Structure formats: C-alpha cells, structure tokens
Amino acid sequence: MVNIEFSMENIKKCLCMKCPVQIKSQCVKDKQKIMLLIKNQDLDSPMMMGPDRVHVLYCSTGKATCNDIDTNQICKCNQCTIWNQKSLKNNIPNRYFCKNGKTH
Ligand code: SF4
Ligand code: SF4
C-alpha cells in the first residue's frame, strides 16, 4: 500500500500540469488560474487548494473532476520523480491516475 502525500512539495514534482491528456481541457485551464492565485498568496498552504481545486497529483487524490480531459493521449507519470521513487509501476493502477483513480 502506497500513499502519496498531498503536499506542495509533491505538487511541484508532479508532471500532470504538462501532460497532453489535460493540456487542452478548458476545465483544467480554469482550475489552473485558481491554483496559481492560491500559490502566489501562500506557498505553504496545499490544503487551501483542496484536491477538488487542483488538477495535479492524481496518484494521491484520485480521478480527475474535469471530464473534458483526453485520456487517449500519453500519460507522463512514468517520467515523474515520485513515480520512480515510490515504484508506482508496481501498483494498480500504475498510470493514468486521472482516469483510473489513486494508487494503492
Ligand atoms: S495522471 Fe498521467 S495521464 Fe493523468 S494527467 Fe497525470 S500524467 Fe497525465
Ligand atoms: S505519478 Fe503521475 S500523478 Fe503522480 S505525481 Fe507523478 S505525474 Fe503526478
């Protein structure tokens, strides 16, 4: 059982923000604006963001709340430091956490 902490440190390492699966999503773009606003106000408050307000770290929070993402594109998780350090490739699900839910 692996739990990925929902922290600012991990949010910064996550590659979801640059992933082609969600890069064209309008819903994600809107969330991104909110996230940047919160980040600029207080760098140490990941909880202020809340999992429903962010569009990253799906391995920790579970499925995406935006439904206009394109999961036919290629997931970037296997290039991620957290994925490698926590050996998420051995878990189920092991990628596409935005579609398949959080790792466990
Ligand atoms: S979980 Fe994978 S597919 Fe989903 S947004 Fe993140 S990198 Fe992309
Ligand atoms: S494994 Fe995927 S969802 Fe988890 S932090 Fe890395 S890029 Fe983000």
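Analyst: The shell around ligand 2 divides into 12 nonpolar residues, with no polar and no charged ones, where Ala, Val, Leu, Ile, Met, Phe, Trp, Tyr, Cys and Pro count as nonpolar, Asp, Glu, Lys and Arg as charged, and the others, Gly among them, as polar. This is a predicted model, in which local features need pLDDT of at least 70 and side-chain atom pairs count only at pLDDT 80 or more, while totals for chains, interfaces and linings use all residues. Residues are numbered from 1 along each chain as its sequence is written, chains are lettered from A and ligands numbered from 1 in the order in which they are written, and side-chain values use heavy atoms, leaving out hydrogens and water.

The residues that surround ligand 2 are C14, L15, C16, L57, Y58, C59, C77, C80, I82, W83, L88 and F97, a residue being near a molecule if one of its heavy atoms lies within 4 Å of it. Helix 4 and helix 5 are the elements that give two or more residues to this shell; helices are DSSP runs of H or I with at least four residues, numbered from the N terminus.

Ligand 2 sits in the largest cavity, which is to say that more than half of its atoms lie within 2 Å of the cavity's grid points. A cavity here is a set of points, on a 1 Å grid over the protein atoms alone, where a 1.4 Å probe fits but cannot get out, and its lining residues have an atom within 4 Å of a point. With points joined across faces, edges and corners, and with volume taken as the space filled by probe spheres set on them, one cavity of 30 Å³ or more is counted, and the largest cavity holds about 200 Å³ of space. Its lining has 19 residues, of which C14, C16, C75, C77 and F97 are the closest to the centre, and two or more lining residues come from each of helix 4 (58-61), helix 5 (81-85) and helix 6 (97-100). By class, the lining comprises 17 nonpolar residues, one polar and one charged.

The largest cavity is also the space taken by ligand 1. Around ligand 1 lie C16, C19, V21, Q22, Y58, C75, K76, C77, Y96, F97 and C98, and this shell divides into nine nonpolar residues, one polar and one charged.

Y96, one of the residues around ligand 1, is found in the loop between helix 5 and helix 6 and has a positive phi of about 50° although it is not a glycine. Most residues other than glycine have a negative phi, and most peptide bonds are trans. Y96 counts as buried because its relative accessibility is 18%, buried meaning under 20% relative accessible area, exposed over 50% and partly exposed in between, with a 1.4 Å probe and protein chains only. S87 lies in this loop between helix 5 and helix 6 and has a positive phi near 50°, but at 32% relative accessibility S87 is partly exposed. P93 belongs to the loop between helix 5 and helix 6 as well, and the peptide bond from I92 to P93 is cis, with omega near -10°.

Technical notes. On a 1 Å grid over the protein atoms alone, a cavity is a set of points where a 1.4 Å probe fits but cannot get out, and a pocket is an open set with protein on both sides within 12 Å along at least five of seven lines; lining residues have an atom within 4 Å of a point.
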